[in-house]
Amino acid sequence: MLCLLLPQFAAADGPPKNSNYPEGVSAVNPGSELWSAIRQRDGTVLQGTSQVRGVDSGILINARGDQWARFRVSKLANYGGIAIAAVFVILLIFFVIRGQIRIEGGASGNLVRRYTSYERIVHWTLAIVFLLLALTGVILLLGRPLLIPLLGKEVFGLLASASKEGHNLIGPLFLVSLIMMLFSYVRKNLYEKGDLKWLLRGGGVIGKEKLSVGFFNMGEKIWFWLLMLVGLVVAISGLVLLFPNFGQGRFIMEISHVIHSIGALALFCISLGHMYMGSVGMEGALDAMTTGYVDINWADGHHDRWGKECHDKNLVISAEEYARLQGKKPAAGGDVAT
Amino acid sequence: MGSIIFASRKQDLSVARASASAGAIKTIFSRFLPHKEIAAQVSIQYIAGYLFHLGLFALLFFAAPHVLFVEENLLGFGWTPLPHWGFIIAAQAAFLGLIILWLRRMVDPVLRLISTLDDHIAAILTFVVMLTGCFALLEGSTGLRLLHRFTVELWLIYFPFSALMHSFTFLPSRAFTGAWFGRRGVDS
Amino acid sequence: MSEKLEKGLEVLRSEVDSKVKSFFSSCVNCGICAESCLFYTETRDPRYTPIYKTEPLRKLWRNEYSFWGKIASTLGFSKPMTESDLTDWEELVYDGCSMCGRCSMVCPVGVDISGMIFKVKHALAKAGISPEGLVGATQRAVDIGSPMGITLTTVHATIKHVEEDTGLKIPMDVEGADYMALLSSNEIALYPEYLESLAKIFDHAGVSWTLSSDAFEATNSGLQIGNKAIAGQLVQRVVDGAEKLKVKNVISPECGHAYTALRWEGPNFIGKAYSFKVVHIMELLDELFAAGRIKTSGMESERLTFHDPCSIVRRGGINAQPRNLLESISENFIEMADHGNMNWCCGGGGGVSSNERAEDLKLTVFNKKKSQIEATGATGVVTACSNCRMVMEEGVETNEMDIELLGLTEMIAAHLEDRPN
């Protein structure tokens, strides 16, 4: 007990040189070794025993937890936020320099179906779930430094609570949507001859010779597989975090959180590029996933092998036929549907 | 509902081959499943539809906060609610089903032609009610619980005489059609 | 407001009953009905979605009977109905709907969609918004007695041929007979074998029967065009003829909508129950068979399948009888994959076959029946409706299919065992 009192009397620096203090005795605080060990400054994790029964209840102080907390704020949130902002900036610069990639030769008016109703439903289900999770996730990670100054603590409290519950409840749906997407799109995302060449030529940026592309180009395939694999990791780590009733200790939870966040941030950044290319970045791209149809010139220009298949199988339809399939009234005096 | 149930109906003067009331009752139950001849073409509607409806039904009547609400404010008694994991599964199913169904309404040419503003409002309003409910799950924030109660009130005001009334009118409708086919001796 | 619009809206209003209110309150626009309708599945045109065909009635209900609609109308927000709300739907309900009733079978909330399409037809017909072909047929039916313009003289000529070929007498205007047989114009003009078969079968089975010179026509063009008043007028002719001859039963021939018109809707059109029973020829043949009064010999060995006429099977309830009959004369019978109550329409019912404008569409939607037939591998398709038979013969010819179309009554007659007189 007395030893505990001694640290108060330990002189850290010694007496001031120009004073009349008698020289004191320098002694190591006998409690400091104990406290150093407890505090795990040398990195060893001490497992004690406790009357409380539970996972990790034998750990008095989790020094690594402090590291994790600091990592989360100073590195993860910090660099994560910078990365997201950087992606926006890069996309803006890209748009300013390159502009919208137009259809070669302009739109012809003749269309071909690229995605069925089911494929579009699966894509947009995943997209909605992903965006809900991304939004709530970003609020959870970056909310405090960015939003408290803007909204104040009470409103942010509501927002953060809502985001946590929303993120947790919608989370498992991401795994389900991912699996639906996998089954729907996997066949078109398998490796084909010419994909590596496409990649090495940067998708056509390098070199003059025109590249041949199938239904999906290598960039799209890489995004698909990244989404599937990293998405799976994010989903599973998310499930680990969501259901801590299976004996996960602090270490597993910390690691899961780090994997979850880095994976999710990576996916979010790349998805911004995907969203850019699928909307503003490329003429006719958004129509593909909303109406399901693309102009045949778009197909021939960007996915020549698929375009050729459409020509061979007689799948190209006129603008009138497209209107008929959408239920537009035929022009007065026109023939009824044949 | 009153004008549907209590209106007088013209008597059918033809000789029935079989019982109309039996047909009515049978059809109330038979329409829960698709005819096998078209089942493959309508699988999305039935699968997503049941995910949504069963999930929502489970949530509405068996989520613990709801049961408590009924006990404290409406009936004075409650019943056994879902365990937490049951609630989570029901919520997942309801969300997934509703998202898929609403997206289908946006994407399929037939639904794009026949859908009305009413259909979209019904879907989105229901989604917002479910979402605010999910936000308020922690039950610690009065603000979020109020938001949920508010959206529920909006939903209840919108309910009568909107597409949402199908939750009641499907019974007389199935019965009418079942009776029509039933008196002709046809199982529908 | 134009006269057409006024008349059309007046009739639509008269058609809004508790069923209609229930149905439109229940419909959530799920689109399942589209997948059951061959006009949609064979053209992929969303405008043929069954519930879309009821739009004129629905708009009226929405504007004048629904809660939000009434509020919107009072506040001046709603769009009043215009003539094009009726005229734009003429093609959809007359060309693009054969009243087959498949949609009413599949609706998950139980809407009787085809019943409501008929209500729309009623309004369009009374407003004078109908295809020329049907208007002409209805006029001929009222003035001459038959939509195809067939007179009693033609009937007598047919009777003469049949009597010569069979050596049997065709009874005409016999008072007190058990059964009064009706004929459809189609049968008189294209398939006189039907009358011949009746003569043979009734002679074989010892049935007391007669034709009526006042009421020989079964076809009801009023029903096809949707004009309930004219439909009632044509039914009344049959009722008057049957009552004059004091017959116990009237036989509805191998004609789909005639059975609907006479057996099920007729008493409601004329506002009075009948003093006689109405029986379809299939029902009668099955009864006679069961009673042992018809004996057949020999079996057809060619692979046969059966096309279920919509108005007789799905909307008429006569499902088992054709199959019982076929079993007794066919040793190689195969059902279509979708058969019975859920079989697909031939595409020509509900007046579509009398509507020249709908010819191309009718041939396009025949593709469904074509694929059904091909999947069975049958070389012969048996049916119990002369309109279905005619429509399918045309479809089979256009598609150069090697298929024969056969009438069931004819086949029974062809297999009758010889009986000593």
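This is a predicted model: local features need pLDDT of at least 70, side-chain atom pairs count only at pLDDT 80 or more; totals for chains, interfaces and linings use all residues.
The contact between chains A and B as a whole involves 20 residues of chain A and 22 residues of chain B. On the side of chain B that touches chain A, two or more residues are given by each of α5 (84-107), α6 (109-114), α7 and α8 (142-158) of chain B. Among these elements, α5(B) gives the most, with 9 residues. The composition of this side of chain B is 16 nonpolar, 4 polar and 2 charged residues.

Chain B is also in contact with chain C, and here 44 residues from chain B and 45 residues from chain C take part. The elements of chain C that give two or more residues to the side touching chain B are α2 (18-26), α4 (50-53), α6 (67-75), α9 (102-106) and α17 (256-270). The greatest contribution to this side comes from α2(C), with 7 residues. When the residues of the side of chain C that touches chain B are divided by class, 19 are nonpolar, 15 are polar and 11 are charged.

Within chain A, the secondary structure consists of 12 helices and 2 strands, and the order of these elements from the N terminus on is α-α-α-β-α-α-α-α-α-α-β-α-α-α. The domain assignment divides chain A into domain 1, covering 2-39, and domain 2, covering 64-325. The C-alpha centres of these two domains of chain A lie 59 Å apart. Taken along the principal axes, the box filled by the C-alpha atoms of chain A is roughly 110 × 45 × 45 Å. The radius of gyration of chain A is 30 Å, whereas a compact globule of 338 residues would have a value near 20 Å. Of the 338 residues of chain A, 21% count as buried. Among the contacts in chain A with a separation of 6 or more, 67% are accounted for by residues 24 or more positions apart.

C:Gly133 is found in helix α11 of chain C, which covers residues 132-143. The residue counts as buried because C:Gly133 has 21 C-beta neighbours inside 10 Å, the criterion being 20 or more. When neighbours within four places in sequence are left aside, the residues in contact with C:Gly133 are C:Ser354, C:Asn355, C:Glu356 and C:Arg357. By contrast, C:Pro267, which is 134 residues apart from C:Gly133 along the chain, has its C-alpha atom separated by 27 Å from the C-alpha atom of C:Gly133.

Key: Residues are numbered from 1 along each chain as its sequence is written. Chains are lettered from A and ligands numbered from 1 in the order in which they are written. Domain bounds come from an automatic or database domain assignment. Helices (H or I, at least four residues) and strands (E, at least two) are DSSP runs, numbered from the N terminus. A residue is buried if 20 or more other C-beta atoms lie within 10 Å of its own, exposed if 12 or fewer, and partly exposed in between; C-beta atoms are placed from the backbone. Two residues are in contact if their C-beta atoms, placed from the backbone, lie within 7 Å. Ala, Val, Leu, Ile, Met, Phe, Trp, Tyr, Cys and Pro count as nonpolar, Asp, Glu, Lys and Arg as charged, and the others, Gly among them, as polar. The radius of gyration is taken over C-alpha atoms; the globule rule is 2.2 Å times the number of residues to the power 0.38.
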